[in-house]
Amino acid sequence: MIIRNFFVNPSGEYVDVPWRETGNFGFAIQACNVDSGLGSFSELEYHVPAIGGGTGLTAYEDVSQIWAFRGPAESVQAIARRLLGDRG
């Protein structure tokens, strides 16, 4: 199991957008499936808000965390519940 933790700024402009939504700057995550002559793979990416232009930002510090676990399913699920906020 892989868990990625990153900050999403609800007021940020996320300019890496889907082809059909070029005016919508609210996409902080992106999933992609590729099947080409180079092979097949999937990606799950996150983005940081844009800087410059009309954003008023000249810099942005990106901080994220990745946790990767393997082992018995029950143990991994218990860790995931704890990390994702289910304290029950």
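Where does Tyr60 lie? Tyr60 is found in the loop that runs between β3 (39-46) and β4 (64-68). Helices (H or I, at least four residues) and strands (E, at least two) are DSSP runs, numbered from the N terminus.

The model is predicted: local features need pLDDT of at least 70, side-chain atom pairs count only at pLDDT 80 or more, and totals for chains, interfaces and linings use all residues. Residues are numbered from 1 along each chain as its sequence is written, and side-chain values use heavy atoms, with hydrogens and water left out.

The protein chain holds one helix and four strands. Their order along the sequence is β-β-β-β-α. The radius of gyration, taken over C-alpha atoms, is 17 Å for the protein chain, whereas a compact globule of 88 residues would have a value near 12 Å. That globule rule is 2.2 Å times the number of residues to the power 0.38. The C-alpha atoms fill a box of roughly 50 × 40 × 20 Å along the principal axes.

Of the 88 residues, 12% are buried. Buried means under 20% relative accessible area, exposed means over 50%, and partly exposed lies in between (1.4 Å probe, protein chains only). Tyr60 counts as partly exposed because its relative accessibility is 31%.

Tyr60 also belongs to a nonpolar surface patch, together with Phe7, Val48, Ile51 and Leu57. The patch has about 430 Å² of accessible area. Such areas come from the Shrake-Rupley method with a 1.4 Å probe; for residues, only the protein chains shown count as cover. Patches are made of residues with over 30% relative accessible area and no salt bridge; like charges are joined within 9 Å, and nonpolar side chains (Val, Leu, Ile, Met, Phe, Trp, Tyr) within 5 Å. A salt bridge is a side-chain nitrogen of Lys or Arg within 4 Å of a carboxyl oxygen of Asp or Glu.

One aromatic pair was found in the whole structure. The ring centres of Phe6 and Tyr46 are 4.6 Å apart and the planes meet at 25°, so the pair is stacked. Phe6 is in strand β1 and Tyr46 in strand β3, 40 residues apart. Rings of Phe, Tyr and Trp (its six-membered ring) pair if their centres lie within 6.5 Å; planes under 30 degrees apart count as stacked, over 60 as edge-to-face and the rest as tilted. Phe6 is partly exposed at 22% relative accessibility, while Tyr46 is buried at 17%.
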